[in-house]
Number of protein chains: 2
Amino acid sequence: MQERAVRTRERILHAAAEVFDEYGYAGTSITRILERAGSTHGALYFHFKSKEDLARAVIVEQARGLDLPKKPAGLQQLVDLTLRLAFELQRSVLLRAGVRLAVEQEESGLREYSVYACWIDRFRRELDEARQRGELLPEVDETEFARVLVASFTGTQVMSQIATRRADLPERIALLWRYLLPGVAPAEVRERLVVAVERGRTPA
Amino acid sequence: MQERAVRTRERILHAAAEVFDEYGYAGTSITRILERAGSTHGALYFHFKSKEDLARAVIVEQARGLDLPKKPAGLQQLVDLTLRLAFELQRSVLLRAGVRLAVEQEESGLREYSVYACWIDRFRRELDEARQRGELLPEVDETEFARVLVASFTGTQVMSQIATRRADLPERIALLWRYLLPGVAPAEVRERLVVAVERGRTPA
């Protein structure tokens with residue numbers, strides 16, 4: 001794509017994320033997105049076929065621009081990553097809208113499991129590295145636990161959103177780890193791990 | 001209320017649950033609910049002020065008719081209860097619609113944390129009993145863990161719904177326990193516990 005086309009697509013995607021985040025899937029119209037983006041029907045339909053297509057893009061591209069660590073580094077980085085995501089959900093409208101649409105996807109008629117599969121894969125890479133480093137209990141299945149972690153994170157953010165508009169999400173994620181870690185790591189590894197909300201504040 | 005009024009309210013609530021379950025909040029209209037219930041506007045508005053009011057009733061009354069054990073009995077009953085709920089989500093349209101509306105409540109503009117608070121309380125009573133019976137590790141905070149469990153269950157059912165329309169939910173809940181139990185119960189208690197999907201099939 002030409003650079004200008006890339007920028008236009010980006011502007012429309014970001015506007016769509018803002019509107020989905022604010023009004024949900026049903027409350028969002030193409031017109032409202034165009035107003036927000038300051039764009040034309042032609043430009044929008046050049047990049048996206050429909051509102052559904054836009055919602056799918058917001059779901060699938062939710063993590064773009066987060067600048068997450070590329071190289072897996074084991075259990076501490078996995079903990080830090082989840083705390084970081086808790087803060088990013090407060091900051092990034094693309095992540096927030098993507099997560100909301102993923103959770104509420106029955107509303108949109110989408111069935112897009114791929115974004116969950118992506119996070120499972122991302123977390124599993126840290127767990128594979130953790131295994132290499134001897135940080136995991138023998139009975140842990142890396143893929144299984146990655147799935148449990150994505151599910152638990154998802155439900156935690158749903159409840160935090162309703163209770164406090166996600167203001168307490170980092171604390172809730174830290175608490176979740178308190179109960180998950182004994183099932184994953186031996187005591188001597190847990191002693192070295194730091195589960196501290198502040199670690200999520202700045203990019204890892 | 002007169003018996004007839006009670007039955008009418010029940011019929012309308014059940015019809016609303018069916019329609020919400022099928023079409024979501026935005027896709028549901030009062031007309032559609034009336035058609036499904038075979039009822040009149042007058043009857044509906046006698047019991048419920050609005051679509052929002054109906055959605056709130058479905059959320060809050062989601063667990064009615066489940067015939068859950070009244071008397072707390074500790075950790076095994078808590079495990080069984082969550083497995084039972086996994087099956088009930090496949091069977092009971094009221095529970096299913098209530099959970100869906102609770103998770104997607106931004107769509108409806110509701111902010112009804114009370115149903116989560118109810119489940120936290122229900123689970124905490126089992127944990128209090130578990131504490132009495134010496135089934136919990138000293139560092140476990142009963143209310144905290146009840147909250148973690150409700151959040152993890154919620155996220156697990158969201159993912160299972162998208163992946164398999166909840167067909168694999170009981171297995172996913174059993175798996176969740178595999179990773180949660182070591183943070184909650186000492187080894188000798190865990191050895192006695194049975195985490196088996198079949199235990200959720202029949203009422204506890």
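Let's start inside chain B, where Glu52(B) and Arg56(B) form a salt bridge whose closest N and O atoms are 3.7 Å apart. Keep in mind that this is a predicted model. Both residues belong to helix H4 of chain B, which covers residues 51-60, and they sit four residues apart, or about one turn of the helix. Glu52(B) counts as partly exposed because its relative accessibility is 35%, and Arg56(B) is likewise partly exposed, at 29%. As a general point, side chains of opposite charge can pair when their charged atoms come close.

A second pair in chain B is arranged along a helix as well. The side chains of Arg124(B) and Asp128(B) meet in a salt bridge, with 3.2 Å from N to O. These two residues are four places apart in helix H8 of chain B, so about one helical turn separates them. Arg124(B) has 23% relative accessibility and is partly exposed; Asp128(B), at 28%, is partly exposed too.

Now look at Arg172(B), which forms a salt bridge with Asp168(B), the closest N and O atoms being 2.9 Å apart. Here the accessibilities fall under the 20% limit for buried residues: Arg172(B) has a relative accessible area of 9% and is buried, and Asp168(B) counts as buried at 19%. Over in chain A, salt bridges with shared partners link Arg9(A), Glu10(A), Glu61(A) and Arg64(A) into one network. Over all chains, the structure holds 40 salt bridges.

Next comes the place where the two chains meet. Chain B and chain A bury about 3900 Å² between them, with 58% of it on carbon and sulfur atoms. Each chain brings 44 residues to the contact. Two salt bridges are counted between chain B and chain A, and Glu144(B) forms a salt bridge with Arg178(A), with closest N and O atoms 3.0 Å apart. Across this interface there are also 13 residue pairs in polar contact. On the side of chain B that touches chain A, helices H6, H7, H8, H9 and H10 each supply at least two residues. The largest share, 16 residues, comes from H9(B).

Ser152(A) is buried, with a relative accessible area of 0%. Apart from residues up to four places away in sequence, Ser152(A) touches Leu176(A), Ala151(B), Ser152(B) and Leu176(B).

A search of the whole structure finds ten aromatic pairs over all chains. The ring centres of Phe20(B) and Tyr25(B) are 6.0 Å apart and their planes are at 5°, so this pair is stacked. Both Phe20(B) and Tyr25(B) are buried. Tyr113(B) and Tyr116(B) have ring centres 5.9 Å apart, but with their planes at 35° the pair is tilted. Tyr116(B) counts as buried at 5% relative accessibility. One aromatic cluster includes residues of both chains: Phe145(A), Trp177(A) and Tyr179(B).

Rings also meet charges in chain A. The charged end of Arg32(A) sits over the ring of Tyr23(A), 3.7 Å from its centre, while Lys51(A) lies over the face of Tyr25(A), at 4.3 Å from the ring centre.

Finally, visit Val93(B) in helix H6 of chain B, residues 93-103. Val93(B) is buried, with a relative accessible area of 13%. Beyond its neighbours within four places in sequence, Val93(B) is in contact with His14(B), Ala17(B), Glu18(B) and Asp21(B).

Definitions and conventions. Residues are numbered from 1 along each chain as its sequence is written. Chains are lettered from A and ligands numbered from 1 in the order in which they are written. This is a predicted model: local features need pLDDT of at least 70, side-chain atom pairs count only at pLDDT 80 or more; totals for chains, interfaces and linings use all residues. Side-chain values use heavy atoms; hydrogens and water are left out. Rings of Phe, Tyr and Trp (its six-membered ring) pair if their centres lie within 6.5 Å; planes under 30 degrees apart count as stacked, over 60 as edge-to-face and the rest as tilted. Buried means under 20% relative accessible area, exposed over 50%, partly exposed in between (1.4 Å probe, protein chains only). A charge sits over a ring if NZ of Lys or CZ of Arg is within 6 Å of the ring centre and within 35 degrees of the ring normal. Contact means heavy atoms within 4.5 Å. Buried area is the accessible area (1.4 Å probe) that two parts lose on being put together, summed over both. A salt bridge is a side-chain nitrogen of Lys or Arg within 4 Å of a carboxyl oxygen of Asp or Glu. A polar contact is a pair of N or O atoms within 3.5 Å; within protein, one must be able to donate a hydrogen and the other to accept it, and residues adjacent in sequence count only if both atoms are side-chain atoms.
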